[in-house]
Amino acid sequence: MDSEENTSRELIKGFDSFEDFLKTGFQSVMGAIIASNKLPKGDQWDYYKTFPSFNGIMDNQATKVVDLMSIILKHQGIQQNIARRDIEEKYDLVVDTNDVILERVGIMLDELNGIQKNQNSANFEERTFSPVISGSWNVDDSDQNKEKGPRAKRFLFHSKNVEKPQIHFKDGVDNFKKYFKPQLKDKPNALKPLHESIVFINEEEGFTHPYQHEIDAFVQSLSDKDFKKMNPIKPRPLQQTPLLYVDTEKTLNILIEELRADERKELAVDVEYHSYRSFQGFTCLIQLSTRTKDYIVDTIALRDKLYILNEFFTDPSITKVLHGADFDIPWLQKDLNIYIVNMFDTRVAASKLGFNKQNLAHLLKTYCMVHADKNYQLYDWRTRPLPERALVYAREDTHYLLYIHDNLKNDLIGDGNSNVTVSTYFQSAEICKSRYIMPVYKADAYKDILKRAKKRFDNRQLTALQGLHEWRDKIARKEDESTGYTLPNHMLLQIAENLPREMQGILASCNPIPPLVRQNLYDLHEIVLKGRQEPYMEPVVVEELMQIRPLEQTPVNFEAPLHCPHDLTQTRDFQPNLPTLLGGHKLNILVEATLINEKPQMSILSFYQDNEDLNDSQLEKQHVNFLSPYDRYKKVLVYLSECKQQKEKNQKMNAEKSLDIKETSNVKNEQEEEVTGIVKIQATESNLEQTEEIVFIEEKEIKRESVQFVPMPTPKLPNQKSQGKKTKRNIQDQDGSNKKLKTEFRPFDYSKVDFNKFQSGPASSINRAPQEHFKARGQKKKSFKKFNQKSMSFSKNKWN
């Protein structure tokens with residue numbers, strides 16, 4: 001009885017029982033209500049407010065009430081300052097707080113009465129989904145449909161009220177550090193002392209890798225190592241393999257003793273991680289497998305004691321087999337101070353062998369004929385105890401990994417070529433050298449979110465987006481929550497795009513509402529209002545925000561001998577994991593079958609060694625000339641010089657042809673002119689006597705016309721030949737006849753001429769030509785045409 005009273009006094013100080021505390025509390029509340037009802041109202045309140053002493057007392061009481069309300073809000077987990085709000089906002093906050101408190105009270109009463117159970121452990125929900133039918137013609141889903149059935153089953157996992165494990169970490173969580181510092185207390189298997197291994201570089205890179213010297217030494221020793229094929233050791237069935245769950249110091253000691261007693265120097269390792277309810281994330285499980293036993297280590301319970309595993313993880317004589325260790329290595333360093341020397345990454349080996357799919361599920365199906373259940377990849381590994389299904393999933397990741405390692409290593413060795421195997425170890429060693437880097441906030445990181453969303457924001461929206469992004473990073477670091485839990489990206493963009501004026505608009509932009517958004521609603525509202533106060537500017541498409549820079553394309557030489565239009569490996573949309581005709585075959589490896597992989601021998605030096613039995617004629621037919629890049633370059637130079645000579649030859653031939661065409665055209669013109677001249681000479685000689693009188697009349701008219709219009713004679717060049725029409729005088733000079741007109745001069749008798757005919761004629765006299773300007777437009781054009789034709793012809797004959 002005394003113990004019960006002591007415990008009750010410890011829970012409720014100053015009261016013997018909960019009923020006394022409840023009774024006293026109700027009396028205090030009733031007294032406060034009665035006192036508040038006695039306060040003056042209406043006109044009386046205004047009258048009392050005129051007294052300074054009354055105002056001072058009311059202000060002091062109001063301050064006390066607000067302080068009490070702030071304490072209650074903090075006690076209920078509502079991180080909001082009620083003192084910084086106006087009356088309406090204070091009232092809304094009080095109403096919301098009452099709703100939260102009453103909801104919690106109702107849940108607790110239901111649990112007390114047995115209506116609802118407290119579900120702190122993991123909950124599974126089984127649902128049925130229709131299989132996804134691919135519309136691609138080259139994808140065969142027949143195997144998948146046969147395995148999963150017409151309606152596949154999925155197990156959805158969710159947890160309720162899981163306590164954050166990082167609260168109980170002895171080393172604590174500091175999300176504001178600039179760099180990570182290794183916390184090693186001891187350095188087993190060391191070739192270099194611990195104090196010389198950890199050296200500060202700078203604030204960006206932090207400290208050096210403690211086992212970098214040991215990793216380099218192991219890599220150098222691989223050059224003298226001779227790799228040989230081995231017989232793969234088949235793993236035991238999963239149900240027949242013993243499992244040890246390590247969550248205490250006692251079981252940890254058992255694990256260490258068994259690893260020391262294991263004669264085989266091989267160990268399969270995998271890590272399970274959680275990052276949704278933590279800013280940096282933390283390691284939850286380590287799965288270990290030997291040839292005879294499986295281990296699952298609870299890293300949350302033994303977080304500060306697992307550094308002792310460095311005895312095996314840093315031993316260069318023990319091969320640690322992991323799959324895709326790019327993230328596992330930094331996680332082990334940050335949380336458990338564990339480092340790895342001598343690692344074989346099966347994903348790297350699969351890439352060296354040219355596998356289309358390099359994930360662990362594909363390797364399990366290829367070598368072990370095991371279909372891995374990947375429905376628990378997003379499992380919340382914080383939950384304790386772990387259900388049976390989760391344990392099976394965790395064991396499968398390492399149980400078959402050693403057998404996959406044996407087959408991959410044999411395939412890498414091939415016919416005795418160990419270069420690919422050494423290259424796999426080199427690349428795995430580079431992964432071991434990676435160090436954990438603290439996440440640093442970047443001021444322009446919000447631009448990447450906006451670029452991926454392909455949205456156009458004006459200056460006000462950008463200001464709000466930047467402020468919300470900074471607030472999210474600050475709160476996530478402070479509360480040790482991920483940015484996706486604090487405020488997801490799509491909600492962040494929705495609030496910045498809408499710029500709600502009221503607080504309810506911020507809540508309406510989030511569905512469901514994140515808890516930290518509800519708790520810091522006032523701060524978010526101030527950020528949004530700050531963005532709304534900015535002067536509005538039209539949204540501008542910034543290159544660094546909105547435009548995707550195209551990939552730099554190198555110029556393609558289509559005439560190059562090595563150019564292939566079907567080589568798509570350099571394109572952006574190239575996918576190396578496309579299905580093939582042989583992708584659906586099954587290899588029964590575990591059922592007394594051996595996997596035979598044949599590769600084409602591309603070595604040039606080993607050609608004659610592989611074909612010693614062939615005669616000379618067959619070797620000549622199969623012989624393939626190999627040209628070095630320099631020889632190809634010399635042949636291209638010869639080809640380019642020949643092209644240049646052929647081009648110059650063609651230009652010279654074209655120039656000669658153009659000159660021949662011009663000369664032939666000039667000769668043809670001269671021949672035509674000579675023929676026309678001879679015809680004219682014959683015509684003029686026959687009609688010379690008949691046209692003597694007309695010639696004298698025309699000569700007189702030419703003299704009169706030449707006064708009005710005399711064309712300038714065209715000067716002749718020294719080498720130019722006269723090509724005009726030949727007159728009568730020229731014809732006489734060329735023939736050498738020098739005939740003169742035998743007619744004598746006789747004066748013309750004008751008394752017989754009828755001058756009335758000349759007055760009405762259009763071209764009777766040259767002196768009437770100026771009168772043609774006063775005629776109509778059509779007649780004027782016609783008369784001048786005739787006049788010009790006549791004058792030009794006679795004047796041309798005269799000057800020639």
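Analyst: Start with the fold as a whole. Of the contacts (heavy atoms within 4.5 Å) with a separation of 6 or more, 69% join residues 24 or more positions apart. This is a predicted model, where local features need pLDDT of at least 70, side-chain atom pairs need 80 or more, and totals for chains, interfaces and linings use all residues. Numbering runs from 1 along each chain as its sequence is written, and side-chain values use heavy atoms, without hydrogens or water.

The protein has 31 helices and ten strands. These are DSSP runs numbered from the N terminus: helices are H or I with at least four residues, strands E with at least two. Buried residues are 31% of the 800. Buried means under 20% relative accessible area, exposed over 50%, partly exposed in between (1.4 Å probe, protein chains only).

Now the salt bridges. The whole structure holds 21 of them, each a side-chain nitrogen of Lys or Arg within 4 Å of a carboxyl oxygen of Asp or Glu.

Arg 291 pairs with Glu 266, and their closest N and O atoms are 2.4 Å apart. This pair links distant parts of the chain, 25 residues apart. Arg 291 is in the loop between β7 (282-289) and β8 (294-298), while Glu 266 is in strand β6 (residues 266-274). Both residues are buried.

Arg 291 also meets Asp 406 in a salt bridge, at 3.0 Å from N to O. Here the separation in the chain is 115 residues, with Asp 406 in helix α15 (residues 401-413). Asp 406 counts as buried because its relative accessible area is 0%. Arg 291 has 15% relative accessibility, so it counts as buried too.

Next comes Arg 303 with Asp 335. Their side chains form a salt bridge of 3.3 Å, N to O. Arg 303 lies in the loop between β8 and α10 (310-313) and Asp 335 in helix α11 (residues 328-336), so the pair ties together parts 32 residues apart in sequence. Arg 303 is buried because its relative accessibility is 12%. For Asp 335 the value is 3%, so this residue is buried as well.

Finally, a network. Salt bridges link Lys 170, Glu 249, Asp 304 and Lys 305.
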